[in-house]
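I opened this structure for the first time and kept notes on what I looked up. The entries follow in the order in which I made them.

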Amino acid sequence: MAQQTLASEEPRQHRSLASFVKSNIREYGMLLSLILIMVFFQFMTGGTLLKPLNLTNLILQNSYIVIMALGMMLIIVAGHIDLSVGSVCGFIGAVAAVLIVQYHIHWIPVTVFCLALGAGIGAMQGYFVAFWKIPAFIVTLAGMLVFKGLALYILKGQSVGPFPVPFQRMSSGFLPDAAAGLIEAFNTTSFVIGLAVTVLVIYFNVNERRGQQEHGLVEEPFIFFLGRNILVAAGFILFSYLMASYKGLPNVLIVMFALIVLYAFVTSSMTIGRRIYALGGNEKAARLSGIKTHRLTFYTFTNMGLLAGLAGLIFAARLNTATPKAGLGFELDVIAACFIGGASASGGVGKVVGAVIGAFVMGVMNNGMSILGVGIDLQQVIKGLVLLAAVFLDVYYKNKA
């Protein structure tokens, strides 16, 4: 009898394992794709990709894309799109440059003002989308043209810079080592922080799984859970070691990581996050259930404007100048990062971690192809095909479900 029970449970376990893989193939597939892409370019570039200097450049080059992808992911989940983020990013950098460099205003109040200005721009566009029901595509397309023109106007067609050193450190600075000299040419503080973050991430993952087990909600097989956490721990520790062996953790990475944690918490554990998913899944049903969908749409666009403003400041600080062409094409990379990371073109589906993975997939491809000397023309072709493949897979698996 016991043998019959075991025999019946074995195929059931195989079925549940296959079912889990099928329903989560996008999430695990993108993480695996990122790892394979990194391994490929690490081999093809002769080990250059994962050198500390190149890793630092990779973070600095993609920080503003990741930051804007967090806001764009919420926009797409809510069932909209924002084509203006690149222009808003460039416009905010231009405003900061004029105020700091030409009018000699201290960079701290300028930073606060520029963040508020970005949020205001997002709120203005969100107002037309949410309350006047003008399609987001049209509103933000108009915004893209308007703010691109305004950036060109206030800069008078010229680059403005350089910025004060403290402002530059927003993007190009590194976390100082509290234990300087303890180990030669090694940022001990950065490595210890990396270890602490690794332990915390694993702890929260285990704690979350324990809570799911108590309520009978565990879907992820233990072997997947164990493998995922081993990969995460190994990746965090290796990354922390490589960063510590160079200059340490970049300041912008700390800002980016804090935002990722915040937005992951908001979308997974707060009411407003669940309501945004409900809005994108079925706006009419969400409205009938008492969710103020107009206000929620307005908030998502305001948030996007705020993050675009922050990205504009970081980009300007990294270049140490504001240029009329700043932000050109950023919206395409940001939108591509969200779709590659698993966001659905029809709304209601998407994760913060997925958007971050999608951004780094694009970033690693850009960086790796540049190291290999691949022309910009072929790079654009490859990135376009990757985006098309990601959206195709989303539609394919949705039709099969």
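Below are my entries on salt bridges, a pocket, a surface patch and some backbone details.

**Ground rules.** I am working with a predicted model, in which local features need pLDDT of at least 70, side-chain atom pairs count only at pLDDT 80 or more, and totals for chains, interfaces and linings use all residues. Residues are numbered from 1 along each chain as its sequence is written, and side-chain values use heavy atoms, with hydrogens and water left out. For helices I use DSSP runs (H or I, at least four residues; strands are E, at least two), numbered from the N terminus.

**Salt bridges.** I searched the whole structure and found 3 salt bridges. I count one when a side-chain nitrogen of Lys or Arg is within 4 Å of a carboxyl oxygen of Asp or Glu. Side chains of opposite charge can pair when their charged atoms come close.

I looked at E283 and K133, whose side chains meet in a salt bridge at 3.3 Å, N to O. E283 lies in helix α12 (residues 283-288) and K133 in the loop between α5 and α6, so this pair ties together parts 150 residues apart in sequence. E283 also forms a salt bridge with R287, with the closest N and O atoms 3.9 Å apart. Those two residues, E283 and R287, both lie in helix α12, 4 residues apart, about one turn of the helix. I noted K133, E283 and R287 as a linked network of salt bridges.

I then checked accessibility (buried means under 20% relative accessible area, exposed over 50%, partly exposed in between, with a 1.4 Å probe and protein chains only). K133 is partly exposed at 48%, E283 is partly exposed at 31%, and R287 is partly exposed at 39%.

K383 forms a salt bridge with D333, the closest N and O atoms being 3.4 Å apart. This pair links distant parts of the chain, with K383 in helix α16 and D333 in helix α14, 50 residues apart. K383 is buried at 11%, and D333 is buried at 18%.

Which residues are closest to the centre of the second largest pocket? I first noted its volume, about 350 Å³. Of the 16 lining residues, Q61, N62, Y64, D333 and N366 are the closest to the centre. A pocket here is an open set of points on a 1 Å grid over the protein atoms alone, where a 1.4 Å probe fits, with protein on both sides within 12 Å along at least five of seven lines; lining residues have an atom within 4 Å of a point. The volume is the space filled by probe spheres set on the points, which are joined across faces, edges and corners. α15 gives the most to the lining of this second largest pocket, with 5 residues.

**Surface patch.** I found a nonpolar patch on the surface formed by M124, Y127, F128, F131, W132, I134, F137 and I138, with about 800 Å² of accessible area together. Its members have over 30% relative accessible area and no salt bridge, and nonpolar side chains (Val, Leu, Ile, Met, Phe, Trp, Tyr) are joined within 5 Å. The areas come from the Shrake-Rupley method with a 1.4 Å probe, and only the protein chains shown count as cover. α5 supplies the largest share of the patch, 4 residues.

**Backbone.** Most residues other than glycine have a negative phi, and most peptide bonds are trans. K133 has a positive phi, near 60°. The peptide bond from G161 to P162 is cis, with omega near -5°.

Technical notes. Patches are made of residues with over 30% relative accessible area and no salt bridge: like charges are joined within 9 Å, nonpolar side chains (Val, Leu, Ile, Met, Phe, Trp, Tyr) within 5 Å.
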